[in-house]
Amino acid sequence: MPGCTPSSRVRWREPPSVNLDLKPAPPAGAFRKLALGTWRTPRDPSSYASLELRMEPALAFMADHRACTGRRLTVTHLVAKAAADALRRHPEANVVLRGQRPWQREDVGVCVLVVQPAQGTSRVDLTTATVHRADALSLEALADALEAKVSRVRAREDMEIERGKRRSSLLPGWLMGPALRLLSFVWYGLNLNLRWVGMPFDPFGSVAVTNLGSLGLEQGFVAMVPYTRVPLLLAPGRVRDVPVVEAGALVPGKVMTLTCTWDARLIDVD
């Protein structure tokens with residue numbers, strides 16, 4: 001066309017052959033490999049709820065207990081003991097799924113998630129410390145048992161957990177999912193004790209507790225971990241200062257959000 005120069009023409013460009021411009025991510029750590037092997041296409045039975053709790057009585061109780069005994073209690077200990085007692089009173093919620101049928105547990109086991117520094121790196125792993133027959137223990141005895149377990153786990157002195165982590169780190173990512181499902185089937189579907197091959201006995205218990213407040217989080221909803229067959233997860237958040245109403249007056253208060261994730265196939269809250 002007259003007056004049209006090459007620089008003013010619209011030039012057609014072929015679309016790129018790829019949808020996204022990508023590069024390989026750094027190699028996954030042990031926990032990330034477990035996560036990638038655990039969760040697949042969403043067919044998720046999880047239900048969620050949260051509860052706001054006034055914490056002044058609990059904080060005063062923990063302070064008095066430490067002053068009287070010299071022993072430390074934490075929010076995690078209180079939540080773990082409350083969960084164990086609740087499952088004793090409501091055994092219909094202390095269940096495990098085998099096939100498509102719920103089975104009631106005889107034991108009330110409380111599992112606490114533990115942050116464990118990874119050796120030689122700045123990354124951290126997430127592992128577990130579980131106390132069985134927790135409903136039969138006093139608050140002080142449960143706190144002592146949990147602290148002993150957590151200390152051993154963080155010091156990498158729990159040989160069953162360390163062997164399991166070493167074995168899982170050797171699996172390629174594509175094999176992690178089938179391996180976890182097979183392990184879950186043997187543990188729970190066949191109900192076999194695998195201690196003879198160095199695997200822990202009932203390592204995840206009836207309920208899991210993870211303290212999000214220790215990470216500075218006010219609240220969060222924790223994902224179910226299907227291969228553990230744990231149907232109930234509790235996550236206390238950070239205790240925070242908020243205005244509250246007492247006797248018609250606005251006063252300072254201390255509040256904690258406790259969030260809960262549960263398997264709707266097994267636990268009915270109606």
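The paragraphs below go from the whole chain to particular groups of side chains.

The model shown is predicted. The protein contains 6 helices and 9 strands. Of its 270 residues, 40% count as buried. Among contacts between residues at least 6 apart in sequence, 65% join residues at least 24 apart.

The aromatic side chains come next. A pair of aromatic rings is described by the distance of the centres and the angle of the planes. The structure holds 4 aromatic pairs. One of them is formed by W187 and F204, edge-to-face, with 5.9 Å from centre to centre and 90 degrees between the planes. This pair links distant parts of the chain: W187 belongs to helix 6 (residues 173-189), while F204 is in the loop between helix 6 and strand 6 (207-209), 17 residues apart. W187 has a relative accessible area of 7% and is therefore buried, the cut-off being under 20%. F204, at 11% relative accessibility, counts as buried.

F204 also forms an edge-to-face pair with Y227, at 5.8 Å centre to centre and with 90 degrees between the planes. Because F204 lies in the loop between helix 6 and strand 6 and Y227 in the loop between strand 6 and strand 7 (232-236), the pair ties together parts that are 23 residues apart in sequence. Y227 counts as buried at 15% relative accessibility. Together with Y188, the residues W187, F204 and Y227 form one aromatic cluster.

Another ring, that of W103, has charged side chains over it. R98 lies over the face of W103, at 4.7 Å from the ring centre. The charged end of R101 sits over the ring of W103 as well, 4.5 Å from its centre.

Side chains of opposite charge can pair when their charged atoms come close. In the whole structure, 13 salt bridges are found. One of these joins the side chains of E147 and R72, at 3.8 Å from N to O.

Is each partner in the next salt bridge buried or partly exposed? E218 and R240 pair with their closest N and O atoms 3.8 Å apart. E218 is in the loop between strand 6 and strand 7 and R240 in strand 8 (residues 240-246), so distant parts of the chain, 22 residues apart, are linked. E218 is partly exposed, with a relative accessible area of 37%, whereas R240 counts as buried at 14% relative accessibility. Salt bridges that share partners join E218 and R240 with E52 and R238 into one network.

R265 and D263 form a further salt bridge, in which the closest N and O atoms are 2.7 Å apart. D263 counts as buried at 5% relative accessibility.

V115, L126, L215 and L217 make a nonpolar surface patch of about 320 Å². Of these residues, L126 is placed in strand 5 (residues 124-131). At 33% relative accessibility, L126 counts as partly exposed.

How values were computed
Residues are numbered from 1 along each chain as its sequence is written. This is a predicted model: local features need pLDDT of at least 70, side-chain atom pairs count only at pLDDT 80 or more; totals for chains, interfaces and linings use all residues. Side-chain values use heavy atoms; hydrogens and water are left out. Patches are made of residues with over 30% relative accessible area and no salt bridge: like charges are joined within 9 Å, nonpolar side chains (Val, Leu, Ile, Met, Phe, Trp, Tyr) within 5 Å. Accessible areas come from the Shrake-Rupley method with a 1.4 Å probe; for residues, only the protein chains shown count as cover. A salt bridge is a side-chain nitrogen of Lys or Arg within 4 Å of a carboxyl oxygen of Asp or Glu. Helices (H or I, at least four residues) and strands (E, at least two) are DSSP runs, numbered from the N terminus. Buried means under 20% relative accessible area, exposed over 50%, partly exposed in between (1.4 Å probe, protein chains only). Rings of Phe, Tyr and Trp (its six-membered ring) pair if their centres lie within 6.5 Å; planes under 30 degrees apart count as stacked, over 60 as edge-to-face and the rest as tilted. A charge sits over a ring if NZ of Lys or CZ of Arg is within 6 Å of the ring centre and within 35 degrees of the ring normal. Contact means heavy atoms within 4.5 Å.
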